[in-house]
Amino acid sequence: MMRVSTKIDYGVKAMVRLALAYDEGAIPLNRVAEEERVSLAYLQQLMIPLKIGGLVRSVRGAKGGYRLAQSPSEITAGDVVEALEGPFVPIFCVDPAEGERELSCVFELSCSTRHLWERVREQVNATLFAVTLEELARREGRFQVILPRKEVLAGSLVSSQAIGATEAMGVPAG
């Protein structure tokens, strides 16, 4: 079964949180961790390749944290995926980076499914690189309801303690 890794899932979600807060400047990573209900240590590890890839900047000091290195309209989901795990490649023989290698599969030149995997790679990449963080943030901002972490972990969702309900849904906050 093909699945998106947790690394990619949480990495894209963290980048959407940074896009939502783009006008605020740097935001503390613990805020992102709390909003996404993921460990701070895990997010800190995800920020390393995103920073190396030029997608985020870290800011030190009292108002420090992380911020997007570019506008959310200029960063795609594909950029995030590539920074975290490299290009999407469903099977080794259709990896463009492998172009200079010797054949490693005896059926590669006459493979009946290679074309299928090339198409899968092309379609997934086309989708990933067509969707920007701005688009994801716009969608997230419309449907977002944030519950306090302790309530979710305890399994009791008390409506009077729900916070962050969006105005677009017509639900008052608090």
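Guide: The side chains of Glu122 and Arg121 form a salt bridge, with a distance of 3.8 Å from N to O. The term denotes a side-chain nitrogen of Lys or Arg within 4 Å of a carboxyl oxygen of Asp or Glu. Since the model is predicted, local features need pLDDT of at least 70 and side-chain atom pairs count only at pLDDT 80 or more, while totals for chains, interfaces and linings use all residues. Residues are numbered from 1 along each chain as its sequence is written, and side-chain values use heavy atoms, with hydrogens and water left out.

The two partners may be described by their accessibility, computed with a 1.4 Å probe on protein chains only: buried means under 20% relative accessible area, exposed over 50%, and partly exposed in between. Arg121, at 16%, counts as buried, whereas Glu122, at 43%, is partly exposed.

Arg114 and Glu118 also meet in a salt bridge, at 3.2 Å from N to O. Why are Arg114 and Glu118 separated by about one helical turn? The reason is that they are four residues apart in helix α5, which covers residues 114-130. Helices (H or I, at least four residues) and strands (E, at least two) are DSSP runs, numbered from the N terminus. Arg114 is partly exposed at 23%, and Glu118 is partly exposed at 22%.

Helix α6 (residues 133-143) holds Glu134 and Arg138, four residues apart, about one turn of the helix. Their closest N and O atoms are 3.9 Å apart in a salt bridge. Glu134 has a relative accessible area of 37% and is partly exposed. Elsewhere, a network of salt bridges links Arg17, Glu24, Arg31, Glu35 and Glu36. The count of salt bridges comes to eight.

Helices α5 and α6 also take part in the largest pocket: together with α1 (6-20) and α4 (77-85), each supplies at least two residues of its lining. A pocket is found on a 1 Å grid over the protein atoms alone, as an open set of points where a 1.4 Å probe fits, with protein on both sides within 12 Å along at least five of seven lines; lining residues have an atom within 4 Å of a point. The volume of the largest pocket is about 570 Å³, this being the space filled by probe spheres set on the points, which are joined across faces, edges and corners. Its lining comprises 24 residues, and those nearest the centre are Val4, Ile8, Val12, Val81 and Leu128. Helix α1 gives the most to this lining, with six residues.

Finally, the loop between α4 and α5 contains Ile91, which is partly exposed at 31%. The C-alpha atoms of Ile91 and Trp117 are separated by 6.9 Å, although these residues are 26 apart along the chain.
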